[in-house]
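I opened this entry to record what I looked up in the structure. The notes follow the order in which I made the checks.

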Amino acid sequence: MAHDHQDAATSGAYLIRGAAILGGAAEDLLIRDGIIAERGQDLAGTDAAEGATVIEAAGLVALPGMVDIHTHLREPGREDAETVETGTRAAALGGYTAVHAMANSNPVADTAGVVEQVHSLGRAAGWVDVRPVGAVTVGLAGEQLAELGAMADSRAEVRVFSDDGICVHDPVIMRRALEYVKAFDGVVAQHAQEPRLTAGAQMNEGDVSAVLGLTGWPAVAEESIIARDVLLAQHVGSRLHVCHVSTAGSVEIIRWAKARGINVTAEVTPHHLLLTDELVRSYDPVYKVNPPLRTDSDVQALRAALADGTIDVVGTDHAPHPSEHKECEWAQAAMGMTGLETALSVVQDTMIETGLMGWEDFARVTSTDPAAIGRVADQGRPLEAGEPANVTLVDPAARWTVDPSKMATMGRNSPFAGRELPGKVVATFFKGHPTVLNGELNTPYRHPAYRETTGPATAPAGGY
Amino acid sequence: MKHLLSTEDLSLSNAIRILDTAEEMSAVGDREVKKLPALRGRTVVNLFFEDSTRTRISFEAAAKRLSADVINFAAKGSSVSKGESLKDTAQTLAAMGADAVVIRHWASGAPHRLAATDWIDAAVINAGDGTHEHPTQALLDAFTMRRHWATLNGTSSAGADLRGMRVAIAGDVLHSRVARSNVWLLRTLGAEVTLVAPPTLLPIGVGQWPCSVSYNMDETLEKGVDAVMMLRVQGERMNASFFPTTREYSRRWGFDDNRLRTLDRLGLKDTIIMHPGPMNRGLEISSAAADSHRSTVLAQVRNGVSIRMAALYLLLSGDTREPAATPAAYSTNAAYSTKESH
């Protein structure tokens, strides 16, 4: 860890006093040189804590830095919607220390060059680890595999591959992708949406769509793809991740697949844990998202599945859009919602305050397991001495009203606007450096220059 | 009333008020001088994002009979077709001082957007939005049915509802804004509605609607019906496998000459045949049915002007117009979140 690169004012040692570790007993954490140097009672006054900046954390919960498995940072191509800089500021404020940047940029992240660009932008920003996701197929067109191996071998070390936004619907292409990523321990993250069943789809197909006259997005379009994909993953012995599971039926299929020993993981978004298609009655496109908001029985099934481990992780599917893409007719509006700065609060609201989960479970679904799925080695680690100091401090007693105009993301499309939510991020430590202090952005971490020895010494010609 | 967006949320008293006012307005159409000064100096904009000459001229005639100034804004050939947004169009009309906007739009919910945002403060009348609603069509249908029902019962239309009337609505319910608006309004007015359609042309969720559903036209007729409303079938539905052929559709769900004779055989001498137009003669309705003494097609057109006069009058005239709601009350999430528990 090259902390001599840090400004004196923004680096150094921090003594977090009396935080409830994963919601348990209050202990101190001493952060120094990018790692958790010590964990224990009353570290103040010890030699090790000498000179450390003290952060009084009584009443706060210490968590491993959150890892988002599903983020849209929009750069390159749609810098009017979000940039790596603004999106990762939002991530830090939301308690994240790593995000997986989805591949549907322009150009698409389907080459080593683009994923390295996104990776470099993330390092330059310095707010979180930016882990680029590589496209499964060239241009997200679903026809020809992108150079998955080149992206895996690049400096971005891509392990998650997804055409998210579009389903890899061709069963042969999906089979080949699942088989191929085994060569470098990758995972295919599927956006499960049967395209023919969802042509022109605008919202969940059901009682509300019948009344509103909006074209329906039936649950079966998601469930049929998940059923096919878990069987393909079993057949070829590979690893499948299901993005943004939204229906009770999908939960049942994933539960069945896991019981059969199929190597599948699944994600749920915060908005699918809280909101229902009843909100669409307003025709306000802030509620337009893909997959769409479902019914209350789906919401309850998703919460139960996240609590019992059928669904492994929370992924935000943070999808900022410029306001003109939402200030229009429902059918014209873009799909997607922001989520990085509200995820912790929504999960606390829907999972912890309902008694379905504790903070240890929260750490599992927002940090440990997403880091494992993405093979992010130094994230999602226990809060123990010697571990990387990616730490989030949360005030679970705080209450705040969501105001999109005050967010760090450029997107103003938060479906939670005006709601009062519990839980506030007080501080985020990324590699031992406080990116967020007192609930406000501090300064970014400054990475050392690339160490040549860790780059691929035998980079393929033209690969970059 | 501030806007007329849907019949789903139209109260019985407001529905009756519109129907009764339309009765008064229809008398104007019988005069030599078909004009009232009620809306002199008020500006009504017909904002049409979708071609519909029939509906537009009906609203235009209604506004002119009330002495309003009428501006027709067709999206085709205007700045809208050059990419101007609904927001910019609405703000432009607001800046020009439109008092009412009659909007026809291919997108479901577009009139709600105009009403809920602060883009424009005018009264908004939904003249058909996507596959959602067409409230003035349902009101003119109800007006037509109410007159028929009152004549049969030897009573006056004024103040009456449609309790006891049996109405069959047949055809492409899935894509029909007319069917939706009629189902909600006829429920409010107390009629018994049966939807008759192939299963492919009924929305998932129709089971929650306040009506019965049948796949069989002949069974529906045999149970007895006082009005049969045939919906237009779009030719392009055939290519999307909603039904095998137009001939099969016509045989099973169309109102053909055989079914016209069936009404006589069943002794249903007072049953009327309705159609919102434009008709596909020979597909969902035969020429004999469309031109029979049972057909109310032209009466519906005539009544449309009266209903639209009533709607414009009630929304724009001083004593019934409600003050503009504050935009904030519509646009905050708090206002919507109350709906979540429904």
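Why does the distance between the end C-alpha atoms of helix α6 (residues 219-236) of chain A agree with its number of residues? I treated the coordinates as a predicted model throughout. The helix has 18 residues, and at 1.5 Å a residue these should span 26 Å; the end C-alpha atoms are 26 Å apart, so the two values agree.

I next looked up burial along α6(A). The buried residues are A:Ala219, A:Ala221, A:Glu222, A:Glu223, A:Ile225, A:Ile226, A:Asp229, A:Val230, A:Leu232 and A:Ala233. I then listed their partners in chain A: the buried residues of α6(A) pack against the helices α4 (171-180) and α7 (248-259), and against the strands β10 (187-190), β12 (216-217), β13 (240-242) and β14 (264-268). Just after α6(A), I noted a positive phi of about 65° at A:Gly237.

I turned to the interface. I found 27 residues of chain A in contact with 29 residues of chain B. On the chain B side, α3 (86-95), α4 (110-116), α6 (177-189) and α13 (333-337) each supply at least two residues. The largest share, 4 residues, comes from α4(B). By class, I recorded 13 polar, 9 nonpolar and 7 charged residues on this side of chain B.

Finally, I checked confidence in chain A. Its mean pLDDT is 94, and 94% of its residues reach 70 or more. Over residues 1-10, pLDDT stays under 50, and the model has 14 contacts beyond four places in sequence for them. Residues 452-464 also stay under 50, with 11 such contacts.

Methods
Residues numbered from 1 in each chain as written. Chains lettered and ligands numbered in written order. Predicted model: local features only at pLDDT ≥ 70, side-chain atom pairs only at ≥ 80, totals over all residues. Contact = placed C-beta atoms within 7 Å. Nonpolar A, V, L, I, M, F, W, Y, C, P; charged D, E, K, R; others polar. Expected span 1.5 Å × (residues − 1). Buried ≥ 20, exposed ≤ 12 C-beta atoms within 10 Å, placed from the backbone. pLDDT = per-residue confidence, 0-100.
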